[in-house]
Amino acid sequence: MIESCLNYASSLGAKSDVSEWLRLVLKKHLIKNPATLMTEVEHIIDYLVSDARPPRIRKMSFQQAKISAHKWSLAQQKKGSKLEDDVDDLEVLHDFLDGTKIVKLKTKKAFQREGFLMHHCVGGYSVSDSVDIYSYRDSKNMPHATFEVQKNSGEMVQIKGKGNGPIHPKYIYKILAFLDGIKFKIRPSDMKNLGYYHIEKDILSIAKQITGVRDGEIVVIHGEHYAVDLRR
């Protein structure tokens, strides 16, 4: 997990002291708590790269960082509740005709509202020539999933729910339908946030026997097979 966390921190432009904290404090924590979720650590990293973090973090324990990240999230949500999207802030990419939609974020204010309400680092983003940010919105224009897509390759860098966590099951099927109909590439690791795990084609039949997954619980996205996580 350490390498994945370092890569995530690097992608956010984290300072060297964040990398040092991950190698020292996080590593020590993981030895005693190996079941720690990656999404939990990513949420802490989002806090550590924000302006709200203290100037010195080397002696900050994992638990202190976790508590601070939670308080930061609450403050971010309060900020986001005061922001409203205007016509110029969003571009509707797909309308599900029931009030829900997939939108593209076009302005700094749109990034801030998304990041504040979703408790993740998109609030610190600016309009970029390298990536586009998309959001799944409910009928009240509240975000429930954030997509980051590289412009040059069309690869989905990440898809996250609130606090970098999984996406609520009731939104998953619409998002899957959207993903299946577009050219964005999605990595198997990000499908986990939608409650699906990747199955290699050559072991598909064996996986069905071992896990008890039925055909109706398997989806195919861009030729790759994914089975629903039965633990959700």
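Biologist: What should I know before we start?

Modeller: This model is predicted, so local features need pLDDT of at least 70 and side-chain atom pairs pLDDT 80 or more, while totals for chains, interfaces and linings use all residues. Residues are numbered from 1 along each chain, and side-chain values use heavy atoms, without hydrogens and water.

Biologist: What makes a space a cavity, and what makes it a pocket?

Modeller: On a 1 Å grid over the protein atoms alone, a cavity is a set of points where a 1.4 Å probe fits but cannot get out. A pocket is an open set with protein on both sides within 12 Å along at least five of seven lines. The structure holds one cavity of 30 Å³ or more. The largest cavity has a volume of about 60 Å³. The largest pocket has about 1,200 Å³.

Biologist: How do you know which residues line the largest cavity?

Modeller: Lining residues have an atom within 4 Å of a point. For the largest cavity they are Y8, H120, C121, V122, T146, F147, E148, Q158, K160 and N164. Strand 4 gives the most, three residues.

Biologist: Which residues lie nearest the centre of the largest pocket?

Modeller: Y8, E42, D46, Q158 and K160, out of 44 lining residues.

Biologist: Why are 15 residues of that pocket's lining called nonpolar?

Modeller: Because Ala, Val, Leu, Ile, Met, Phe, Trp, Tyr, Cys and Pro count as nonpolar. Asp, Glu, Lys and Arg count as charged, and the others, Gly among them, as polar. The pocket lining therefore divides into 15 nonpolar, 16 polar and 13 charged residues.

Note on methods
Grid points are joined across faces, edges and corners, and a volume is the space filled by probe spheres set on the points. Helices (H or I, at least four residues) and strands (E, at least two) are DSSP runs, numbered from the N terminus.
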